[in-house]
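Let's take a walk through a protein together, starting at one spot and then stepping back for the wider view.

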Amino acid sequence: MSVSLQPDDTDIPRHLKLRLSLLFGALFVPNAIYLSFFPLWLERGGLDPVQISTLLTVPVFVRLVTTPIFTHLADRASERTHVLIAISAMSLLFAAILIMPMGYWSLVAVITALAVFWSPQVPIADSIALSGVRRYGLDYSSVRIWGSVMFLLSSISAGLIVQHTSSASAAPLIAVGFAVIFLATFLTPRLGRRRRLPEQVGASTGVLRSPRVLLILIATGLIQASHGLMYNFGSIYWQSLGVSAQDVGLLWAVPVFAEIILFKFYARVFGGWKPEHVLALAGAVGILRWILFSMAGVWGFGFYALAAIQSLHGITFGATYLAQQTFLAHAVPEEQAGAAQGLGVSLHGVIMLLVMFASGPLYANLGGSSFWAMTFVSGAGIAVAFWFALSQRRWTATETRSAP
């Protein structure tokens with residue numbers, strides 16, 4: 001993705017690209033450990049699939065309520081980075097508390113508190129980066145790629161540590177990850193208040209309520225939510241197939257490696273594509289991915305076959321994510337960038353919440369066959385992308401007729 005909206009290099013912060021790259025790299029360290037090994041840490045603690053699903057769904061529910069509040073606060077603050085520093089400090093505090101022994105309901109409370117301050121971090125970082133895109137012609141994918149690189153390295157490293165210790169080390173490793181984020185926020189660029197570009201003066205404050213924005217966010221939300229069952233039970237499913245803890249870490253690393261390749265070549269491959277077409281492709285690849293996922297046990301897939309399936313993540317997640325950000329960079333004024341990210345998180349969260357709540361009973365009753373259900377979620381994303389495409393033609397025709 002390379003979006004340049006009247007770049008201005010006269011006041012560009014020093015080492016802007018490097019500092020944003022460090023921020024995105026840090027943000028995905030705890031993500032990698034959490035997704036790969038936190039479910040195993042919960043299972044080691046004696047929790048059943050429904051309890052695990054409930055605990056992992058709590059952050060999604062919290063995200064619906066709190067993320068828009070913090071992104072709106074960041075939009076109104078003199079510096080978004082100051083908000084990011086504050087919430088990263090609080091997330092580090094609760095991640096440290098997570099290491100302490102506690103009962104189920106205490107665990108629910110701590111994870112809820114952690115989610116309050118963790119969930120807004122990437123949306124706020126995205127809004128800072130998109131300000132760089134608009135003001136200085138920054139290539140967004142060139143900084144976001146480092147989040148994927150660090151996810152990859154963190155997942156592999158955590159897998160080695162868990163393999164040689166146990167899944168009990170997952171919680172301390174997550175706390176270390178939040179310490180890395182906290183340190184990185186102090187290097188994050190201060191870009192100051194948002195500026196209206198000439199063509200954005202007078203832009204409607206109702207842009208976030210426009211059907212164009214809402215349909216794109218819903219389509220991306222459905223395709224992203226199709227990953228919910230894998231996020232909750234992927235590691236447990238793979239171990240049930242005989243995959244080692246170290247290889248579980250690698251299976252979480254493979255899709256991120258695919259993301260890195262996608263981010264590197266997205267502009268070259270998809271630069272001429274409309275966002276809705278990218279989303280339709282991502283949804284179709286998602287249907288294929290979840291069919292193969294569900295049949296892994298039946299067909300006796302080993303590590304390499306599972307890794308090949310995981311490599312489809314570059315399209316199902318990476319292309320979906322960049323298609324959304326490409327659209328928002330053009331469609332939403334800079335002073336609403338944080339609110340746009342918050343709206344996306346909320347809409348995605350509602351859809352993900354439903355999927356993750358359903359994932360516990362689905363996996364408990366169907367095991368690996370439950371991944372068939374995710375094909376319908378991906379298919380719904382394709383349907384909304386086509387809805388957007390048809391509506392876009394109608395909107396364009398209407399605007400053409402009404403033009404002077």
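Is Leu-328 buried or exposed? With a relative accessible area of 2%, Leu-328 is buried. Here, buried means under 20% relative accessible area, exposed means over 50%, and partly exposed is in between, using a 1.4 Å probe and protein chains only.

Before we go on, a word on what you're looking at: this is a predicted model, where local features need pLDDT of at least 70 and side-chain atom pairs count only at pLDDT 80 or more, while totals for chains, interfaces and linings use all residues. Residues are numbered from 1 along each chain as its sequence is written, and side-chain values use heavy atoms, with hydrogens and water left out.

Back to Leu-328, which sits in helix α13, residues 313-331. Helices are DSSP runs (H or I, at least four residues), strands are runs of E (at least two), and both are numbered from the N terminus. Who are the neighbours? Setting aside residues within four places in sequence, Leu-328 is in contact with Arg-134, Val-213, Leu-217, Ala-340 and Gln-341. Contact means heavy atoms within 4.5 Å. For a sense of distance, the C-alpha atoms of Leu-328 and Gly-249 are 33 Å apart in space, and the two residues are 79 apart in sequence.

Let's follow two of those neighbours. Leu-217 belongs to helix α8, residues 211-225, and counts as buried because its relative accessibility is 0%. Beyond four places in sequence, its contacts include Gln-324, Leu-343 and His-348, along with Leu-328. Gln-341 is part of helix α14, residues 337-366, and is also buried, at 6% relative accessible area. Apart from residues up to four places away, Gln-341 touches Pro-123, Asp-126, Ser-127, Leu-130, Gln-325 and Leu-328.

Now hop over to helix α6, residues 140-164, where you'll find Ser-142. Ser-142 counts as buried, since its relative accessibility is 14%. With residues up to four places away left out, Ser-142 touches Lys-17 and Ser-21.

Next, the aromatic rings. A pair of aromatic rings is described by the distance of the centres and the angle of the planes. Rings of Phe, Tyr and Trp (its six-membered ring) pair if their centres lie within 6.5 Å; planes under 30 degrees apart count as stacked, over 60 as edge-to-face and the rest as tilted. The whole structure holds 26 aromatic pairs. Take Phe-303 and Tyr-304: their ring centres are 5.4 Å apart and their planes meet at 75 degrees, so this pair is edge-to-face. Phe-303 is partly exposed at 23% relative accessible area, whereas Tyr-304 is exposed at 72%. Elsewhere, ring pairs link a cluster whose members include Tyr-231, Trp-238, Trp-290 and Phe-371.

Finally, zoom out. The protein has 15 helices and zero strands. Its C-alpha trace spans about 65 × 45 × 35 Å along the principal axes. Why can we call the size fitting for a compact globule? With 404 residues, such a globule would have a radius of gyration near 22 Å, and the protein has 21 Å, so the two agree. That radius is taken over C-alpha atoms, and the globule rule is 2.2 Å times the number of residues to the power 0.38. Buried residues make up 59% of the 404. Of the contacts with a separation of 6 or more, 88% are between residues 24 or more positions apart.
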